[in-house]
Amino acid sequence: MAQILASSTQWQMRMTKNSVNANPFKTKMWDTMFLKQKTKGTVKVSTRFRVCAQQSVSSTVNRLDDLLNMDIRPYTDKIIAEYIWIGGTGIDIRSKSRTIPRPVEDPSQLPKWNYDGSSTGQAPGEDSEVILYPQAIFKDPFRGGNNILVICDMYTPGGEPIPTNKRHRAAKIFSNQKVIDEVPWFGIEQEYTLLQPNVKWPLGWPVGAYPGPQGPYYCAAGADKSFGRDISDAHYKACIYAGINISGTNGEVMPGQWEYQVGPSVGIEAGDHIWCSRYILERITEQAGVVLTLDPKPIEGDWNGAGCHTNYSTKSMREDGGFEVIKKAILNLSLRHKDHISAYGEGNERRLTGKHETASINTFSWGVANRGCSVRVGRETEKQGKGITTYSTPSFLKGSPYHTRENVGYLEDRRPASNMDPYVVTSLLAETTLLWEPTLEAEALAAQKLALKV
């Protein structure tokens, strides 16, 4: 880590002691960037001139730093809103800024906006206008103050959702009264891999070579085992500042790979929080000069892939008899396995091989405390036949206002890839388990095959 991020303290998050609204990021990284550029141009000149040049650069850096971290609130009511949307690949994140006359508290107070869809692969050049509808607001950890990040979805000028607007369909599913009544919780475990720039090789790995085999890196500490902790910690704090319901983070099995958890989130907000957290992570890695990838299998061979395990719980699962409800949900999931796999991320076939804590992509399976299955159930959930005790409660459920020793029943869908669309995955889980009904014959055959007594 040290050799990649020359001085991590130059870019890491710094929260101002006197104001929670001040800019939490200090952009001292400008020093490193400008000095490196100038050093190349002054190698052959005298030491005296080089010192003067560096002093001049330092002065420029200080002025830029002052402007970047300026608190404009004493001078104006205006704020900066960063409109964020998903691009044409379904995984790329785009954004642009606009001035808003005064602070806002709800996305309905924000104006719609537009962008050139032909430049994002979402519209033809002869009819390129795509309209942004603000849907969720978060505090901006980069600009601070009253400035905001705005999650948007995308529509044609006629008001129709464009094909890559997955949020629209998800919102319709989550607005179904049957789904609302079940208060679906989601806890999403987002894994990601950090790459060295230019060579696109994992952070901390020798270029063109491999580190020691997996084993010592998971949740580890030490310069020879943990690579990228500053990025993970900066992201953690930035998400808390922004208002994202992030609940934890840890180093992963493959060196250079990390995970953070978001939840419990109810309904559509799960997707909003994951997409905003991804945007923040992209910005932090941009500042650090490190490349972020959500590829589900960034390194072939005997290395773990990257997933986005999705923990799911409904009101019925959290009540007496909840384990029976969980088994019925698993039955439905087994019958729509192919539908889910097709929606769970691109390149997932490289990850779901039956190795490295995954199930085969071709076969649905479930098990208790088994991380080699498609769907995992906690041992205490099975033991008690409903909720689980606090000592085994996953981090995404702790702190929930509904959490007690007995009322937290959930399942973990381990199939989603790290590049999955959270709007698609969460809404599909709700649709399959709450709205979709299989035929009795199909249900009976699946129950027999899975040894499920429902």
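**View 1. Buried residues of helix 7 in a predicted model.** Gly-322, Phe-323, Ile-326, Lys-327, Ala-329, Ile-330, Leu-331, Asn-332, Leu-333 and Ser-334 are the buried residues of helix 7, where buried means under 20% relative accessible area, exposed over 50% and partly exposed in between (1.4 Å probe, protein chains only). Ten of the 14 residues in this helix are buried. Helices (H or I, at least four residues) are DSSP runs, numbered from the N terminus. The model is predicted, with local features requiring pLDDT of at least 70 and side-chain atom pairs pLDDT 80 or more, while totals for chains, interfaces and linings use all residues. Residues are numbered from 1 along each chain as its sequence is written, and side-chain values use heavy atoms, without hydrogens and water.

**View 2. The largest nonpolar core.** A nonpolar core is a set of buried Ala, Val, Leu, Ile, Met, Phe, Trp, Tyr and Cys residues joined through side-chain atoms within 4.5 Å. Among the 66 residues of the largest one, Ile-244, Ile-280, Ile-330, Trp-366 and Leu-411 touch the most other members. Helix 6 (residues 269-288) gives the most to this core, nine residues. Another core, of 17 residues, lies apart from it and includes Trp-113 and Tyr-115.

View 3. Arg-143 is partly exposed at 28% relative accessibility, whereas Asp-140 is buried at 0%.

Key. Helix = DSSP H or I, 4+ residues; strand = E, 2+ residues; numbered from the N terminus.
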